[in-house]
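My entries follow the structure.

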Amino acid sequence: MATTGFGAPSVDERDALARKAAKTPGLISFAGGLPDPKLFPTRDLGRALEGALNDNTSEALQYGWPEGSAALREYVARELRARGARVNADGVVMTSGAQQAIALALAMLPRGAAVGVDPESYPGALEIFRAARRVLCDLTEATRGFYVMPSVSNPRGQRLNTAEREALLSRAAKHRGFIIEDDAYEGTWFSGEGSTPLLAEAPERVFQVGTFSKTLCPGLRIGWLVPPPALLRRALQQKQADDLQANSLAQALLVRYLEGERFEHHKRTARQRYRRKARALARSVAARLPELRFRPPGGGFSLWLESDLQLDQKRLLATAIEAKVSFDPGYAFRFRPSGSFAIRLCYSAVAEDDIDEGVRRLARALAACRRKRRG
């Protein structure tokens, strides 16, 4: 059986476990990092869609330019300026989600440059880097390429502190390197306090990546990339070669939805709900899984748990699915194999009333695995 580290199955095996969990009736899923579907503003989006389709210009159903909607690019630029970045609409490229934005940024990095990442990072980005055959290393070892989530990290839900920011920017400047700044979860910070993007401090070497997937809904597949000005033309050429443009209809309805204060109200409501869920999950884990360590997140969708337990995470996940609960194994977030135990529990899409029951099921699965190991 092919593996990718201690207790780490291949991509196909991970997919099989995820699909098995999805087909299990009554399962409580702490996996996936999905936004709460009960928060999706379906009525407002429906009205925005109707308005976009009734627009006599037909722009919503027609081909567009590779850089995307002018109104949407201006919205993104305005939001970034409010956080301290010097950017205008001409410097923004609308993309098919943050995933495409990361891939576009990677294509602009120096050929063959290794990419430095945090010890635990976004699996989707790690998969992009590996597919491109980029060497992955620790942030402190990298020189020309860096990938970080400074505003709200995944899976830990923390912000890069001042010393870490300064060290990263200094290292990138020293080696004439480039930073991919993934801002996907910025709007989920529980207090609502915005952060200053790295783009504001080093626009000549930062690729700023953002998305509406975490703060609104992922089905629209609308994100953005702000590349260094010197690489904007290349990024547009690559974008056009990849897919011509981001979805015209999704962009058009999004422009209409963003009119007024609806989105700001939506984000406030979402942050409050996610904060309650995060606290409920933290209380339940502390009570039922005392052997697992965690630091309460300041934002994002998940709780990152670590332990000195010597357990096979794949076996634990299979056992947990039998107990009708699932989670994300820690190995998926690590760029190098590790024998240390870690799992991610996402509270975002779980009903509040199901959180404690889900942890109770996980505790039962964990106990069963420990008994089997001792036996």
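Why are H10 and H11 described as oblique to each other? I noted that H10 and H11 pack at an angle of about 130 degrees, with axes 9 Å apart; they are therefore oblique to each other. Angles under 35 degrees count as roughly parallel, over 145 as roughly antiparallel, 65 to 115 as roughly perpendicular and the rest as oblique. Axes are lines fitted to C-alpha atoms over the stretch in contact, with angles from 0 to 180 degrees between N-to-C directions.

The model is predicted: local features need pLDDT of at least 70, side-chain atom pairs count only at pLDDT 80 or more, and totals for chains, interfaces and linings use all residues. Residues are numbered from 1 along each chain as its sequence is written, and side-chain values use heavy atoms, without hydrogens and water.

Entry on H10 and H11. I looked up the contact (heavy atoms within 4.5 Å). Arg 315, Leu 316, Thr 319 and Ala 320 of H10 meet Leu 362, Ala 365, Leu 366, Ala 368 and Cys 369 of H11.

Entry on H11. Helix H11 spans residues 352-374 and reaches 34 Å from first C-alpha to last, close to the 33 Å expected at 1.5 Å a residue; the expected span is 1.5 Å times one less than the number of residues. I found Ile 355, Gly 358 and Arg 361 among its buried residues (under 20% relative accessible area, 1.4 Å probe, protein chains only). Their cover includes helix H9 (262-288) and strand E12 (341-346).

Entry on H4 and H7. Helix H4 (residues 97-108) and helix H7 (residues 232-243) pack at about 125 degrees, with axes 10 Å apart; H4 and H7 are therefore oblique to each other.

How values were computed. Helix = DSSP H or I, 4+ residues; strand = E, 2+ residues; numbered from the N terminus. Buried < 20%, exposed > 50% of the residue type's maximum accessible area, 1.4 Å probe, protein only.
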